[in-house]
Amino acid sequence: MALALRSGLIPWLLIGVAAAVALAAGFLVAERTGNPMTAPATPGAPDALLGITLPDASGKQEALGQWRGKVLVVNFWATWCTPCREEMPEFVTVQRELGGRGLQFVGIAIDEPAKVRQFADEIGLNYPSLIGGYGAIELSKSLGNKVGALPFTLILDRSGAVAHTQLGPLREAKLRSIVAQLL
Amino acid sequence: MATALVAALFLVATAAANDLLPPERAFALSARALDERTLEARFAVARGYYLYRDKLRFAVAPGALASLPVLPPGQMKDDEFFGRVETYRKEVVVRLTLDRPAAGERVTLNAESQGCADVGVCYPPQTQTLELTLPAAGRGAGPKVDAAPPKKSWFN
């Protein structure tokens, strides 16, 4: 300590402590939500999500509850969102590979049915994409999408609890490592 | 001690930089009246964000705009899906002419915009609103007015 005082080390020790605290806080937030840009879901919001019914692009009503018990990846997207369009072909690949093991993707589009149909055909979408409209932005906010931007992706484990939330692109490697632990 | 404090503040600032801005702050609308018939609308675009030129829409009430506003040229961006699109960074200023002089009257400006952040997210189209009073003829430009904060849907 005397040495520390003499050589002026104390400020550096304090910096070290401040850095450690800030890092720990950052990791805690990241650990809880999976992404520092998202907030924790409002209590009850994941359950509410599994309780809703939305039409698909052909008008058929789909209840999200039908996928309870699966590892569910819910992706909020739109055709006017370029980063959304970029990542979806990767979701198609992962759905094809891991669908048989209990992984289920569901898209919720903040968009018009005709545009969703066209894009689904273009990329050979192999999972349901439901039509959420702008109301779905509010729904995504309750699930941790702090600023209401897209893409926003939520991963629920088999019990329906939130395992990961992601605002912005969810890269294939990260997606695979998360779902591997849940399947 | 001061150094430690600065370092701690720096860390907090770095953490905050990971946060995305809400759209009304990423693309902040303000306007002023230049004269009794002309408004000047301005979007201040935060660093790391951009607006799409072809998504900008302006409307006034009561009354109407005399013509479609002339939008300044944007920066060309090669979009994988939309092809070549024009975008605005930093700021865009648009002059709006009312269909009649309205000296001393209060008008509401609605501006719709849509943009994205470089980190890989896009915001839904948003409409921002502000009210301003047009100056009397020959009195020069009025003060700058910022858009009202958005209504929080959970209070509605």
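Chain A has seven helices and seven strands, where helices (H or I, at least four residues) and strands (E, at least two) are DSSP runs numbered from the N terminus. Along the sequence, these elements of chain A follow the pattern α-α-α-β-β-β-α-β-α-β-α-β-β-α. This is a predicted model, in which local features need pLDDT of at least 70 and side-chain atom pairs count only at pLDDT 80 or more, while totals for chains, interfaces and linings use all residues. Residues are numbered from 1 along each chain as its sequence is written, chains are lettered from A and ligands numbered from 1 in the order in which they are written, and side-chain values use heavy atoms, leaving out hydrogens and water.

Of the 183 residues of chain A, 46% count as buried, that is, under 20% relative accessible area with a 1.4 Å probe and protein chains only. Contact means heavy atoms within 4.5 Å. Among contacts in chain A between residues at least 6 apart in sequence, 65% join residues at least 24 apart.

**The sheet**

Five strands of chain A form an open sheet with mixed pairing, in the order β5-β4-β3-β6-β7; two strands pair if DSSP finds at least two bridges between them. The edges are held by β5 (129-131) and β7 (162-167) of chain A, each of which has a single partner strand, so one side of each is left without a neighbour in the sheet. On average, neighbouring strands of this sheet are turned by 20° against each other, direction ignored. Strand β6 (residues 152-156) of chain A runs antiparallel to β7(A), and five bridges join the two. A:Thr153 has A:Gln166 in β7(A) as its bridge partner.

Two helices of chain A pack on the sheet, as tabulated here. Axes are lines fitted to C-alpha atoms, for helices over the stretch in contact, and angles run from 0 to 180 degrees between N-to-C directions.

| Helix | Strands touched | Direction angle |
|---|---|---|
| α4(A), residues 82-98 | β3(A), β4(A), β6(A) | about 155° with β4(A) |
| α6(A), residues 135-142 | β3(A), β4(A), β6(A) | about 130° with β3(A) |

**A helix pair**

α4(A) also packs with helix α5 (residues 113-123) of chain A, at an angle of about 55° and with the axes 10 Å apart. The contact is made by A:Arg85, A:Met88, A:Pro89 and A:Val92 of α4(A) and by A:Phe119, A:Glu122 and A:Ile123 of α5(A).

Methods
Buried means under 20% relative accessible area, exposed over 50%, partly exposed in between (1.4 Å probe, protein chains only).
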